[in-house]
Amino acid sequence: MQIPALQAVTVEILVDNFFDVFEPSRPGIVERVVPGRLKKPLVAAHGLAYLITLNHQGKLSRILMDAANSPLPLFNNLEALEHDVNDIDAVVLSHGHPDHYGGLFEFLAKRTAPPIPVYLHEDVFFPKILVTPKGRIGPWVLDLNQLMAAGVELHQNQGPQLALDQVLLTGTVEATTDYEKPLPSFRRKVGDQEEQDLFPDEQALVAVVEGRGLVVIGGCSHPGIVNMVKYAQKLTGIQPVSLVLGGFHLTPHGDAMIQDTIKGLKEINPELIIAGHCTGFRALTKLAIAFPDNFMVSCVGTKVMVVGG
Ligand SMILES: [Fe+2]
Ligand SMILES: [Fe+2]
């Protein structure tokens, strides 16, 4: 699939699970915030929101990928980082879990700019359920009617599609590894039937940066981050990967899958891997050891820049 090569992609971590003032920067590549210089303190929360800025021939477009778990961290951090909701050109939803759309309706309500394109997989609307040792949670439902009533320009997909004619959304991820299996604790309701959620609704956002290769951004990466990157390579026909970023949802799967994922990522050999959100502390520490030179932790306020060359 042909997608335009961009001159640069910047991802600002608006909401994530972590903040650590001691995490280092890499000048020109990964810039951390200086808390004392912010308008107000940042809030970390179990949710995800990225502000992705695309530079296409000098024209900048901004995508909000996911909308956190609630309006509180989303708006607090937008304000702290001095962003205006009307400056955002599109929304992409990674998948239908509420820690990724919890602030979406308030975000849409706050805007005064014309209807915004919202890109999502059509399966995000199935009610989602989580079975935990402490009982069942959910169902959570993202309401299609409520979304339509918010006056958005809705783009639903199943397979690959472009967002803003500039980045690729993979659609349902093709599973090619034998070790990345969704956990049975994730369920969804289709009509009256409840079934295991295999996450056909989760998709990666993929950008191509001139001379640098792919930028692959995942939400929770329930289909497996290696599957997602391999599928992005297959769809674009481009092998080099400059950045893999996302929640990798690894710790609850256990050490064997963490080690297999590390092996898979080593084969892909991205220039930089940045993980946060649902990756889990145990998996983050193992990734940090496995990739001493090219792994970093995602923290709120971090800006990651991939510049063409
Ligand atoms: Fe999540
Ligand atoms: Fe999720």
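Let's start with a pair of histidines: the side chains of H222 and H95 make a polar contact at 3.4 Å. Keep in mind that this is a predicted model.

Where does H222 sit? You'll find H222 in the loop between β16 and α5. H222 counts as buried because its relative accessible area is 6%, and buried means under 20%. If you skip its neighbours within four places in sequence, H222 is in contact with H95, H97, P182, F186, F199, E202 and H249.

Now for the metal. H222 is one of the residues that coordinate the iron ion (ligand 2), at distances of 2.2 to 2.5 Å. Here are the donors:

| Residue | Donor atom | Range for the site |
|---|---|---|
| H95 | NE2 | 2.2 to 2.5 Å |
| H97 | ND1 | 2.2 to 2.5 Å |
| C220 | SG | 2.2 to 2.5 Å |
| H222 | NE2 | 2.2 to 2.5 Å |

Along the chain, these donors follow the spacing H-x1-H-x122-C-x1-H. The pair of H95 and C220 links distant parts of the chain, 125 residues apart. H95 belongs to the loop between β6 (90-92) and α2 (98-101), while C220 belongs to the loop between β16 (213-217) and α5 (225-236). Both H95 and C220 are buried.

What about the geometry of the site? The 4 donor atoms of the iron ion (ligand 2) make angles of 93 to 168°, and the site is irregular. The tetrahedral label doesn't fit, because that needs all angles to lie between 85 and 135 degrees.

Methods. Residues numbered from 1 in each chain as written. Chains lettered and ligands numbered in written order. Predicted model: local features only at pLDDT ≥ 70, side-chain atom pairs only at ≥ 80, totals over all residues. Heavy atoms only, no water. Donors = N, O, S within 2.8 Å, 3.2 Å for Na, K, Ca; no water. Tetrahedral: all angles 85-135°; square planar, octahedral: opposite > 155°, others 65-115°. Helix = DSSP H or I, 4+ residues; strand = E, 2+ residues; numbered from the N terminus. Buried < 20%, exposed > 50% of the residue type's maximum accessible area, 1.4 Å probe, protein only. Polar contact = N/O pair within 3.5 Å; in protein donor to acceptor, adjacent residues only side chain to side chain. Contact = heavy atoms within 4.5 Å.
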